[in-house]
Amino acid sequence: MSDNVRLDRRVRRTRFAVQEALIGLMVEKDFDAITVADIVERADIVRSTFYMHYADKEDVLRQGVEYVRAWVEHNTPRGLRFGFSEPLYRHTCDIRPTLRAVAGRQSWTLMQALFVRALGDLIRDDLLRTQAHADEITIETLVHVVSAAWFSVLTWSLQSERDIDAEEMDRLFRTFALPGVDAVLSAARR
């Protein structure tokens, strides 16, 4: 086995341990109260190892969101408008207990802002790929409205007393979002 493969595994294990440590801490306390010392202790690594991979605790969160975004892009069916929706809802269902625990904390606001930005990038990419005729204002307005709709369905599902599955969330999102998107794009063509 080459040193590169061993190193890659070590890097992946370290990053996973740090991500898991931060998520576990966010369930227990607000993001502002979490320190790098808390993270390295929970991840069972030394501080210098942490700084080899991350600039600060916010960077851990940003990279975690980017990892999820890359995973969603890889698992998005092609040719389906907003095809990222169901895979992303599926991921949120997998981590629902954690999201519910964090939703009541200050950490949720930061997570939501990072998540909405990544979601906006997915929506923008989708629209630019399929709606080349649309102007920038139309695209950016749709990005804002569609991401709000997607996130609203997620928030509602987290507050629901029953566990709503990814397929139902995706169906609801599509029912709300697609007619409005079509109407805006149709009006923009005129």
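Q: Which helix gives the most to the lining of the largest pocket?

A: A pocket, on a 1 Å grid over the protein atoms alone, is an open set of points where a 1.4 Å probe fits, with protein on both sides within 12 Å along at least five of seven lines; lining residues have an atom within 4 Å of a point. Here helix 1 gives the most, with eight residues. Helices are DSSP runs (H or I, at least four residues) numbered from the N terminus. This is a predicted model: local features need pLDDT of at least 70, side-chain atom pairs count only at pLDDT 80 or more, and totals for linings use all residues. Residues are numbered from 1 along each chain, and side-chain values use heavy atoms, without hydrogens and water.

Q: What is the volume of the largest pocket, and which residues are closest to its centre?

A: A volume is the space filled by probe spheres set on the grid points. For the largest pocket this is about 740 Å³. Of its 28 lining residues, Gln19, Ile23, Gly64, Tyr67 and Val68 are the closest to the centre.

Q: How do the axes of helix 4 and helix 5 cross?

A: Axes are lines fitted to C-alpha atoms over the stretch in contact, and angles run from 0 to 180 degrees between N-to-C directions. Helix 4 (residues 57–74) and helix 5 (residues 85–94) have axes that come within 9 Å and cross at roughly 130°.

Q: Which residues make the contact?

A: Contact means heavy atoms within 4.5 Å. Helix 4 brings Val68, Trp71 and Val72, while helix 5 brings Pro87, Leu88, Arg90 and His91.

Technical notes. Helix = DSSP H or I, 4+ residues; strand = E, 2+ residues; numbered from the N terminus.
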